[in-house]
Amino acid sequence: MLVLADRNFLSWSLARDVLATGAHILWRASASFTLRPLRVLPGGTWLAELKPPRKSDGPPVTVRVIEYTVHTTAEGDGGESSSEVFCLVTDLLDIEEYPALDLACCYPERWGCETVIGHHKTDMGQGQPVLRSKDPEGVAQEMRALFAVCQAICRIAGAGADAMGIPPDRISFPHALQAAAGTAAASPSP
């Protein structure tokens with residue numbers, strides 16, 4: 001399992017706790033987070049250590065640091081612009097097995113997860129508490145159901161976009177949800 005996280009989550013203690021579960025990390029470091037290079041690796045990535053607050057807290061965590069910018073070209077502009085510098089930290093140290101480009105391309109995947117969770121919170125919850133369960137097992141069951149419904153709506157919207165020959169991101173999730181709810185409400189009971 002690879003755990004992706006934004007720049008506000010990087011810390012020695014949280015990384016240590018996640019790594020103790022057997023999962024791997026690919027986390028963004030904020031510009032103010034200090035990482036000192038221990039050794040530069042082929043390809044331009046480098047090793048650093050996440051240090052504990054006190055030496056008595058435990059050993060440092062060795063991580064690999066991947067820095068990059070995203071270059072874009074605006075349509076009709078012909079010019080190129082660059083994003084801010086992204087700094088990713090991972091415990092996947094093997095540069096052959098885990099190339100920096102693959103990891104950099106993987107990082108934006110977390111935005112898809114955040115979008116789905118945002119749909120649960122704002123679109124599907126309609127201002128109501130999204131999760132009603134009072135125990136972990138019930139919360140997990142509700143989350144699986146919400147993910148399944150969200151995926152079904154996205155698939156239906158994708159099929160509709162395909163049929164119309166338009167990009168899927170032109171379909172509004174709230175409108176697709178409203179259409180699905182209206183269709184389900186209008187269907188006769190079995």
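Me: How many of the 190 residues of the chain, as a percentage, count as buried?

Reply: In this predicted model, 27% of the 190 residues count as buried, where buried means under 20% relative accessible area, exposed means over 50%, and partly exposed lies in between, with a 1.4 Å probe and protein chains only. Residues are numbered from 1 along each chain as its sequence is written, and side-chain values use heavy atoms, with hydrogens and water left out. Because the model is predicted, local features need pLDDT of at least 70 and side-chain atom pairs count only at pLDDT 80 or more, while totals for chains, interfaces and linings use all residues.

Me: Why is Lys51 called exposed, and which residue is its salt-bridge partner?

Reply: Lys51 has a relative accessible area of 60%, which is over the cut-off for exposed, so Lys51 is called exposed. Its partner is Glu49, with the closest N and O atoms 3.5 Å apart, and Glu49, at 24% relative accessibility, counts as partly exposed.

Me: How many salt bridges does the rule give?

Reply: The count comes to three, and among them is the one in which the side chains of Asp57 and Arg54 meet at 3.1 Å, N to O.

Conventions. Salt bridge = Lys/Arg side-chain N within 4 Å of Asp/Glu carboxyl O.
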